[in-house]
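Here are my notes for you, as someone new to this one. Have the view open and follow along point by point.

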Amino acid sequence: MAEMMATRAAAIAADKIEAFRNYIDGEWVDGGSGEWLDNVNPADTSDIVGRFPASTAEDAERAVRAAAAAFAAWRKTPVTARAKILNQAAGYLEANAERFAAELTREQGKALNLAKDEILRSAQTLRFYAVEGQSFTGEIFPQDDANMTVYTEREPLGVVSIITPWNFPVSIPARKIAPALITGNTVVFKPSSDAPLSGYRLTEAFVQAGIPKGVLNFISGRAGDVGAAITTPPVVRAISFTGSTAAGEQIHRSVGITTRTQMELGGKNPLIVMDDADLDQAVDLAVKGGLSLTGQACTGTSRVLVMREVKAAFTDKLIARVKALKIGSGMAAGTDITPLATARQLETVLRYIEIGKREARLLYGGEHLRGPGYDSGYYVSPAIFSDVTQEMRIAREEIFGPVLALIEVTSYEDAIRKANDSEYGLSAAIATRNPKLMHAFARDIESGTVKINRTTTGNLINAPFGGLKRSSTSTFRESGRAGLEFYTQIKTIYRGV
Ligand code: NAD
């Protein structure tokens, strides 16, 4: 550790670590504190990807003021001109996809192929909203007066703050920023300090595309320093946040009634395995849904509710599959399980594994991996727990790591009751061949996303996304056309002659 710190200090002193800046009011600028936050490679913690400003509240206030000043002109900019900027930014992401994907893997840890998919998906998101935003209009209402037209117009809200996590550091910002901009809002964007480079590249894409000054502002920093400055001023008319339930609820409570919020929060997503399921497919759903991205997807499967009749066979197949998974750096081809993204994630996941060992039965894995290739990163082998019951913490609390809790169920009704016995409701899946159960599940499950013979993870750009219960605010969905609604308000106009 001492050696690692010394290497880092030497690299900073020799100025080998690239310093990135905020983007405020059309300029790349240093933070006011002069302090920096290291962006650490989770596969090799001696590798500092870059350093980003630990911005101050004053920096953040300046970003909000810049966005407010830019609003009047941006809302009047023709939608076709706004769409052109989105398309050009998409082109920049596509042209640099290989390089940005390598950076994403280096800062966040995920496998390189997934990182590249994420960059390209973000570009697609921009292109989707460039088109969709141009046909997003109000309505005309039939009425009795021949000399009057009654219609609605959708107009932008004003300044919106966009606050994002580290797990999808470019696609989540893209799915928020694109609909905000195309509808004429101006943006203050704060990425997670644990993976800010990908959000920085997205900002750079808009800058390259010629976004006018003040329309998009990028500010890095600690939530404690900049959070309130970008969420609580009344001029901030909307906040789109993705992150933990605790932080999202805190922000939601802190704002006034004139600030609209869209909070995409945590999950404890169940997969139900019925006794008629194709067990190989069900195992695939558990492994891909629960362990890809090292369990760090908000929609990742964390509970597997499996029918008693097939539990033994399912468990055997699951363990065999998990044993064969390759654990290593995201840069190596064919890696299935990459490191956890941060030291904090490592600590949390290991803590829950210890809790799980006391509460339930650890069938496989759950080790903090050591040895060549592992020592320098945050590596944990996937943990499979059996004999998990509803009251256990590993059945109730979001872990956000490669940990699967197997819960035995005795009927469809028992499975639904247990699946719904959660404060979360983000995504849920069932493995079954029975069409009646498929239908019933879609109706009975308390979840914003419902998957039938598909992984709990994964959602389309053009379909709405969001959760129920404490997984989201009960307000607006994001993604698809629904994503545009959040960023616009309706005016009803009665026009006589
Ligand atoms: P986090 O809540 O710690 O941080 C998310 C972002 O919010 C970061 O940019 C952080 O700096 C900022 N933030 C935190 N507190 C703030 C405050 N008071 N004011 C302003 N900004 C604040 O979450 P994380 O660890 O980065 O991400 C993991 C969490 O995100 C998990 O709970 C996961 O389920 C959730 N998540 C949800 C979705 C979804 O769509 N529902 C998607 C991905 C991740």
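1. Start with the lining of the largest cavity: it splits into 5 nonpolar, 8 polar and 2 charged residues. For these classes, Ala, Val, Leu, Ile, Met, Phe, Trp, Tyr, Cys and Pro count as nonpolar, Asp, Glu, Lys and Arg as charged, and the others, Gly among them, as polar. The volume of this cavity is about 120 Å³. It has 15 lining residues, and Gly295, Gly300, Ser302, Ile399 and Phe400 sit closest to its centre.

2. A word on what you're looking at: this is a predicted model, where local features need pLDDT of at least 70 and side-chain atom pairs count only at pLDDT 80 or more, while totals for chains, interfaces and linings use all residues. Residues are numbered from 1 along each chain as its sequence is written, and side-chain values use heavy atoms, with hydrogens and water left out.

3. What counts as a cavity here? On a 1 Å grid over the protein atoms alone, it is a set of points where a 1.4 Å probe fits but cannot get out; a pocket is an open set with protein on both sides within 12 Å along at least five of seven lines, and lining residues have an atom within 4 Å of a point. Grid points are joined across faces, edges and corners, and a volume is the space filled by probe spheres set on the points. That gives 4 cavities of 30 Å³ or more.

4. The second largest cavity holds about 70 Å³. Its lining includes Arg121, Arg175 and Ser479. Both α5 and α6 give two or more residues to it, with the largest share, 3 residues, coming from α5. (Helices are DSSP runs of H or I with at least four residues, numbered from the N terminus.)

5. Now look at the second largest pocket, at about 920 Å³. Of its 36 lining residues, Leu114, Phe168, Ser292, Leu293 and Thr457 lie nearest the centre. Which helix gives the most to this lining? That's α5, with 6 residues. By class the lining has 16 nonpolar, 12 polar and 8 charged residues.

6. Last, a helix pair: Ala57, Ala60, Glu61 and Val64 in α2 meet Asp225, Val226, Ala229 and Ile230 in α8 (contact means heavy atoms within 4.5 Å). By class, that contact has 6 nonpolar, no polar and 2 charged residues.
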